[in-house]
Amino acid sequence: MTSTLMIEGLRVEVAGKEVLKGFDLSMKTGEVHVIMGPNGSGKSTLAHALTGHPGYKVLGGSVRIDDVELLTMSPTDRARHGLLLAMQQPLEVAGVRPIDLLVAAGVNPANLRERMRDEADRVELRPEILDRFVNVDLSGGERKRAEMVQFGMLRPKFAVLDEIDSGLDVDALGAVARRLSSASNEWECGILAITHFKRLLQELTPTMIHVLSEGRVVATGGPELSDILERDGYEPFRVASA
Amino acid sequence: MKTFADSASAFIADRPDAAPRQLAWAAFEAAGLPTTSDEVWRYAPLKYFDLDRFGVASEPATRADSAFAAQLCERAGLVVRVVDGFCVNTGTGLEGVSVEVVESTQSLAGTTFAERYRNDTFAILNAALAPATTVIRVGAGVNVQEPIVVLNLSNSTASFSRTQIELGRGASATIVEYFEGGANALVVPLSEYLLDDNSSLQLITYQRLDHSAWHVARTTGFVNRDARLRQAVVGIGAHYNRSRNDAEMRGAGSENELRTTFLGSGDQVHDFRTHQMHTGARSRSTLLSKGAVADQSRSVYTGLIEIEKGAKRTDARQTNHNLLLSPAAHADSVPNLDIRENDVMCAHASSVGPLDELQRWYLESRGVSREDAERLMIQGFFYEMLANLPPELAELVERDVTSVLATVNVVTP
């Protein structure tokens, strides 16, 4: 069944400053949308606000999955309604094992260890990492891959990937991107990838690209947009927004 | 009526080695009980402590094991049973390991107990009133695969168990000292560990006494050249839980890893003291103390790293983290350094605070409920401390700790 993620007029404040100033986006499950933009344009703010990070204050707007408003929900309920954030810098949670996290998150415990191993294989994560506490003593790349294991087990309707490509080498990036691509086939996962590298786009075939500048979407288009960005940078879009 | 003194005198008179005990008792009487004006006893609820509530056990009473104790024993290669301070069964059947009960006044430090612990009132009481010393020896070169369990069971008395564990050169073993029972009891265990060159001991001290007990424990490790003492101390029970854990890194290249952890609830007081003394060159110590206090409970962690002149290239670390699970709970953290050698690496860190809001959000953002996220994080506080234990023991202790945690109220600010 197709679901729709609808973000309208989202305004978010961080440390007293309005960073997102009316963000709009609509996407369906099975689609891959990419958000690109210069540093400070609001990309990470979007990712954190969507999942209810305590440091981000929503000033207005709406985020709905199939007409159910998420912004009034707890982070837990947002996740249970199908939204998952894969973080740029996944947090260490000492003493908590990935398997216990997943069971508490409602993942079916049957053969869970084996299923986690399979997921780890798919993103070339050493299986012994799964026995370590969540993200503790992992390299940057291992953390990203460990997030992908959670992703594969939680099977969200929509995954928000906050610069999942940073800190990954080319091989790892390929593995992560392939995992994400097959997710859109396996359970029609909708993917909202935030990046400022073109690398990820070569691996993931985007349905749409959105250019974010000064807290708003200033351009939306097909994959060809990334070529323009590659050639001209963000400056022309910044001008367009003024 | 002086219940305690009378029962102590009667107990001592009956022992074959009454004379040194009387000396220790006289030292106790001269010193008297500490008061909260003594810095090291500042946090103890001594105001409500009355020795005459207790009588010294003249013989072990019978006591049934808890389900947990039974499970622990199932996993053991050797079980030493100590009831009310009396070793009632030395166990059998583990090659290279001997267990003896000896009337001895000698500390593994090389002096008498009374001399060694002259500044510690409760340890002096142990010198006077422990029925005997249970001595566990692991022969040189023996690698004991299965855990040795020392089951300390207490009834409603004053009991003074004393244990010495000695590992020969190159030996290795895992030993659990477990405490349960002790309703309205005073439990004063004293343990010493001597690790000869190149030996390796994993110790687990698990205290699950009744919440009415007074528990005043002291352990000391003597670590020789290239030997390694890893000690996990978990305190859950007792009304007043005092745990002093010392280690002396005497040999070059010796190593101590100490992990102490506690969970406070109700009006418990957890009072952890550590002293890592480095005399050997290139010796290392890592101390991680973590605990959580709920309800109106409180905790104090006081740790001293002492590095003697000549202990070159010593590396000593001390970390203490305290989790406040209720606004009425309180934790104090007092790390100290005393360093008399320049060529060393030394670090300490401490924190006191509620559960980390961002970690909780991270778990919630995966679909974990707030309550479960908090529960996982608090469990995690303890699991982290058990991470280095043999898996079959870690799993058992984790399950037990988890069952206790399930009963604790978490009030977040």
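## Basis of the description

Residues are numbered from 1 along each chain as its sequence is written, while chains are lettered from A and ligands numbered from 1 in the order in which they are written. Because the model is predicted, local features need pLDDT of at least 70 and side-chain atom pairs count only at pLDDT 80 or more, whereas totals for chains, interfaces and linings use all residues.

## The sheet of chain A

In chain A, six strands form an open sheet with mixed pairing, in the order 6-7-8-3-9-10 (two strands pair if DSSP finds at least two bridges between them; helices, H or I of at least four residues, and strands, E of at least two, are DSSP runs numbered from the N terminus). Strand 6 (83–86) and strand 10 (216–221) of chain A are the edge strands, each pairing on one side only.

Within chain A, strand 7 (residues 158–162) and strand 8 (residues 190–195) pair in the parallel sense over five bridges, and Asp162(A) stands opposite Ile194(A) in strand 8 of chain A.

## Helix 4 of chain A

Helix 4 of chain A (residues 112–122) has Met116(A), Glu119(A) and Ala120(A) as buried residues, where buried means that 20 or more other C-beta atoms, placed from the backbone, lie within 10 Å of the residue's own. Seen down the axis of helix 4 of chain A, these buried residues fall within an arc of 100 degrees, so they line one face of the helix; the arc is that of the directions from the helix axis to the C-beta atoms. An α-helix has 3.6 residues a turn, so residues three or four places apart point the same way.

The buried residues of helix 4 pack against helix 3 (98–104) and helix 5 (140–154) of chain A. Just after helix 4 of chain A, Glu124(A) takes a positive phi of about 55 degrees.

## Contact between the chains

Chain A gives 23 residues to the contact and chain B gives 21 residues, two residues being in contact if their C-beta atoms, placed from the backbone, lie within 7 Å. On the side of chain B that touches chain A, the largest share, nine residues, comes from helix 7 of chain B.

## The largest nonpolar core

The largest nonpolar core has 186 residues, of which Val176(A), Ala193(A) and Ile148(B) touch the most other members (a nonpolar core is a set of buried Ala, Val, Leu, Ile, Met, Phe, Trp, Tyr and Cys residues joined through C-beta atoms within 7 Å). Helix 7 of chain B gives the largest share of this core, nine residues.

Technical notes:
A residue is buried if 20 or more other C-beta atoms lie within 10 Å of its own, exposed if 12 or fewer, and partly exposed in between; C-beta atoms are placed from the backbone.
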